[in-house]
Each structure stands twice: as C-alpha cells, then as structure tokens.
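Thanks for making time this morning.

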Amino acid sequence: MSQSNEDLVRFITEEGLNKGEWGFIDEVFTADYEVHTAGLALPKGPTAFQLAVQFWKRAFPDFHCSVEQLLSDGEYVTLRFRTTGTHTGPLMWMPPTGRDFVVRGVDLHRVVDGRVVESWISDDFPRILIELGILDEPQPPAGAAPPAGVAAAGAPGRPR
C-alpha cells in the first residue's frame, strides 16, 4: 500500500502541479480534503488543490516541482522537493520581476484508501520573495557573527 500512496503523491505532483492538469482531482482527493499552509486561505475539498496550482501557475507559468525523495509511513507520504519558476505573471499584488527562483522543501500528505485527505505544504514564501528581489536578504548588524561552529549562508565560501 505504501508504494501506491507514493505513486499517488508523485502523480498529483507531476500531472497536477507541473502540468496544470486537474481533471482527476475529484477521483484522488476526498470531498473534505484539507490543505494546511501559511498565507493561503483555501476551501476544503478537491478545489483547494486546483486553486493552489492556479495561484502558482499564474505567477510562474514555468513553475516546476522536482520530486527528490518520497518516504511513506502508513497513510503519510513525505515529499522532499526542489521547485523552480520564472516570475512572469502577478504574484498576489506584486508585479512580475522576470527573475527566477529555486527553493527546496518538504511536504506531507495523508492518503487513505487511495485518496488524499490532507496536505501540509511548506512553501518557503520568504525565500521566494528574496530570490525575486521583492524582499532584501536579512543582514546581521555590523560586526555580528554567527554562533561558533555555524557558517552563515552567503558568507565567503558558503553557497546561498
């Protein structure tokens, strides 16, 4: 059963999120499907998935989520992903910047009897806004250093 749950999460990611297809949503999401995410108020039901896809595709028509790893534990499927896109459409009230973004994250989906019941989405919206140049990267006060043994992202020799 775990493998079929993983296959379902891969399917909704590839077909729904990446290709923008949602003709299947009533078959694979329960009528009371719930999305737990910060910043988006989505209704319960399969339409929540469609609205989320439309939100991202409107701002980033080339939005793509690469599945890096799937892990399952009973009804729960964890998706580790890499998402990319080019900001060529409006993102809420923010006009297009033409800039690209790359973020990584982990989402969790609960699958019961071959249908998705709940999803916990971990969009790194602040990182996306920083990469688009809409927000500035936070900077430490002059002379401040990270704790011993910790290298700050963006420091010399450290990738961003």
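Let me begin with S3 and S4, which pair in the antiparallel sense over eleven bridges; two strands count as paired if DSSP finds at least two bridges between them, and both strands (E, at least two residues) and helices (H or I, at least four) are DSSP runs, numbered from the N terminus. Within this pairing, phenylalanine 81 stands opposite glycine 105 in S4.

Before I go on, a word on the basis: this is a predicted model, in which local features need pLDDT of at least 70 and side-chain atom pairs count only at pLDDT 80 or more, while totals for chains, interfaces and linings use all residues. Residues are numbered from 1 along each chain as its sequence is written, and side-chain values use heavy atoms, with hydrogens and water left out.

The sheet as a whole is open and has five strands in the order S1-S5-S4-S3-S2, with mixed pairing. Because strand S1 (29-36) and S2 each have a single partner strand, they stand at the edges, and one side of each is left without a neighbour in the sheet.

Staying with strand S3, we find threonine 83 there, and at 5% relative accessibility threonine 83 counts as buried, where buried means under 20% relative accessible area, exposed over 50% and partly exposed in between, with a 1.4 Å probe and protein chains only. Leaving aside neighbours within four places in sequence, threonine 83 is in contact (heavy atoms within 4.5 Å) with residues including Phe63 and Phe101.

That brings me to the rings, since the structure holds eleven aromatic pairs; rings of Phe, Tyr and Trp (its six-membered ring) pair if their centres lie within 6.5 Å, and planes under 30 degrees apart count as stacked, over 60 as edge-to-face and the rest as tilted. Phenylalanine 63 and phenylalanine 101 form a tilted pair, 6.4 Å centre to centre with 45° between the planes. Phenylalanine 63 lies in the loop between helix H3 (47-59) and strand S2 (64-73) and phenylalanine 101 in strand S4 (residues 100-112), so the pair ties together parts that are 38 residues apart in sequence. Phenylalanine 63 is buried at a relative accessible area of 6%, and phenylalanine 101 is buried at 1%.

Which residues form one aromatic cluster? They are Phe55, Trp56, Phe60, Phe63, Phe101 and Phe125. Of these, Phe55 and Trp56 are among the buried residues of H3.
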